[in-house]
Amino acid sequence: MKSITKQKPIEEIQNLLQGMDKVFVVGCGTCTTLTKTGGVEQVEAMKEGLQEMGKRVTGGTVIPTACDDMTEETMKENEQYIRNADCVLSMSCALGVHQLTLYLDKPVIPAVDTLFIGVEESPGYFHEVCSQCGQCILGETAGICPITACHKGLVNGPCGGTNNGKCEVDKEKDCAWTLIYNRLKEQGRLDLMRRYQPPRNHHVTLKPGIIKIG
Amino acid sequence: MISSFEEAIKSDKFIITTEVAPPKGTNLEKMLHHIDILKDKVDAINVTDHQSSVMRFPSLGGCLAIKEKGGEPIMQMTCRDRNRMALEADLLFAYSRGIRNVLCLTGDAVPVGDHKEAKGVFDLDSLQLLMAIRQLTSGKDMGDNELDGAVEFCMGAIVTPEAQPLEPQLIKFEKKVEAGAQFFQTQAIYDLENFASFMKYARKFNTKILAGIVLLSSARMAKYMTENVPGIFVPQDMIDELSDTPKEERLAKGIEIAGRTIATLKKEALCDGVHIMAIGREEVVPDILKAAGL
């Protein structure tokens, strides 16, 4: 699982940092390192960019995994640099931003947008494969999630916008239901497509999701 | 009491439906004019529901206008813009105002339209909408609560006979038939051989099939649709027929082609009727009917 992120436009970052001249930069050694949006190199480039913007960079670090509880430790180690900063600019995903705010009394500003949870299908190509809906349908759809891979999230088969295996919203994107059909056919399980899938329950876990396990 | 359209689809007559598009704005003049010239010439008139995801005056409003003029509306209902509660509520309202026919569609994707950043709802899909209407007909809502006054609709759906690959579409078609779709209006068809083979299959099911007839007004449009609109295939000889026609006569040629297609479908009893979509040129629908000998 990876949290897929994209750096915000520099103008937006500049806007978010208005009135804050001293900045401490945080990257993440896990997801944003893999997506090259918040690893060591990107943090260094950001530090340079901030200086060009006229900001003073009080320091920077890349936390091994920004969303776990070791983040507190790393923040403590960097306390003297963070103390001198007006804010922390986070190049981790939103989960990291959330975690950082738990341990810091300074504003934490995201430098990236969190797009989706995905996997790297081929180098540099990240695909959204699960929407974490709480009612996994993969057992009936040959392991391809139509909630996620179909633009409309349809569970009862393709719409009329399916076009030679591609989707009407983007010719580059596969029609999820063509993929599901092909795979079920190969497996001799097309009867699964004939099943009526009732409307989804959108409150399997009441939002916001909080759950105690064990 | 069943609707005059439901009576028609229960009879052996060759059914003719067409559609009008509500305006972008509150000036209803053009739509009302189209209703006036079409209402007595067809069995029912569809009113589109923000077609191509372009925000417009609602289908429900257009259907009421048809009712006021003594016509027979088919309310197109997509799942793109309303969750199940809003869809159910609109169905109750539509029924209370005498609308008796509903065409259930999933709806085009939001990004193909003119409100590209809007949320696509799709709480239900076309099949689940058919099932929802069945539930409302039984006197209960989707939450299983008793209704004080149920609905009774003649339900329809769509199918794309030229879709590639076809089998997934047919599986969904069969699910829609099982859900109680009494009629189908197809995506535009031009190749009658392909359509005949689809009908050979569709005839096995207890439902009525109205072939979709989209008026071609130029060779460019025909080519564009074949290349860009999912599930539409215009044969090359038809495109050539249009491009060999002088520019000012191309609309007349398109009317002739549509009329000819309808006449053949009827003569050879290939399907149960037609659904004519003139897309912005609704005023020529009577000419198409004339060209078809209807």
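Helices (H or I, at least four residues) and strands (E, at least two) are taken here as DSSP runs, numbered from the N terminus. On this basis, chain A comprises eight helices and nine strands, and chain B has eleven helices and eight strands. The structure is a predicted model, in which local features need pLDDT of at least 70, side-chain atom pairs count only at pLDDT 80 or more, and totals for chains, interfaces and linings use all residues. Residues are numbered from 1 along each chain as its sequence is written, while chains are lettered from A and ligands numbered from 1 in the order in which they are written. The model scores ipTM 0.95 and pTM 0.95. For chain B the mean pLDDT (the predictor's confidence in each residue, from 0 to 100) is 97, and 100% of the residues reach 70 or more.

The C-alpha trace of chain B spans about 60 × 45 × 40 Å along its principal axes. For chain A, the radius of gyration is 21 Å, whereas a compact globule of 214 residues would have one near 17 Å. The corresponding spans of the C-alpha trace of chain A are about 65 × 45 × 25 Å.

A residue is classed as buried if 20 or more other C-beta atoms lie within 10 Å of its own, exposed if 12 or fewer, and partly exposed in between, with C-beta atoms placed from the backbone. Two residues are in contact if their C-beta atoms, placed from the backbone, lie within 7 Å. Of the contacts in chain B with a separation of 6 or more, 78% are between residues 24 or more positions apart. In chain A, 57% of the contacts between residues at least 6 apart in sequence join residues at least 24 apart.

A nonpolar core is defined as a set of buried Ala, Val, Leu, Ile, Met, Phe, Trp, Tyr and Cys residues joined through C-beta atoms within 7 Å. The largest such core has 106 residues, of which B:Met75, B:Leu130 and B:Ile288 touch the most other members. Helix 5 (residues 126-137) of chain B gives the largest share of this core, seven residues. A second, separate core of 28 residues includes A:Val26, A:Met46, A:Ile82 and A:Val88. Beyond residues up to four places away in sequence, the residues touched by B:Met75 include B:Val47, B:Leu60, B:Ala94 and B:Leu103.

At the interface, 27 residues of chain B are in contact with 24 residues of chain A. Helix 5 and helix 6 (167-179) of chain B are the elements that give two or more residues to the side of chain B that touches chain A. The largest share of that side, six residues, comes from helix 6 of chain B. The side of chain B that touches chain A divides into twelve nonpolar, eight polar and seven charged residues; Ala, Val, Leu, Ile, Met, Phe, Trp, Tyr, Cys and Pro count as nonpolar, Asp, Glu, Lys and Arg as charged, and the others, Gly among them, as polar.

Within chain A, A:Ile63 lies in strand 3 (residues 56-63) and counts as buried, with 25 C-beta neighbours inside 10 Å. Leaving aside neighbours within four places in sequence, A:Ile63 is in contact with A:Val26, A:Cys28, A:Gly29, A:Thr71 and A:Thr74. A:Ile109, in strand 5 (residues 108-110) of chain A, is partly exposed, with 17 other C-beta atoms within 10 Å.

Several backbone features were also identified. Most residues other than glycine have a negative phi, and most peptide bonds are trans. The peptide bond from B:Gln164 to B:Pro165 is cis, with omega near -5 degrees, and B:Pro165 is found in the loop between strand 5 (154-159) and helix 6 of chain B. The peptide bond from A:Lys207 to A:Pro208 is likewise cis, with omega near 0 degrees. B:Ser53 has a positive phi, near 60 degrees, and counts as buried, with 21 C-beta neighbours inside 10 Å.

Conventions
Rg over C-alpha atoms; globule rule 2.2 N^0.38 Å.
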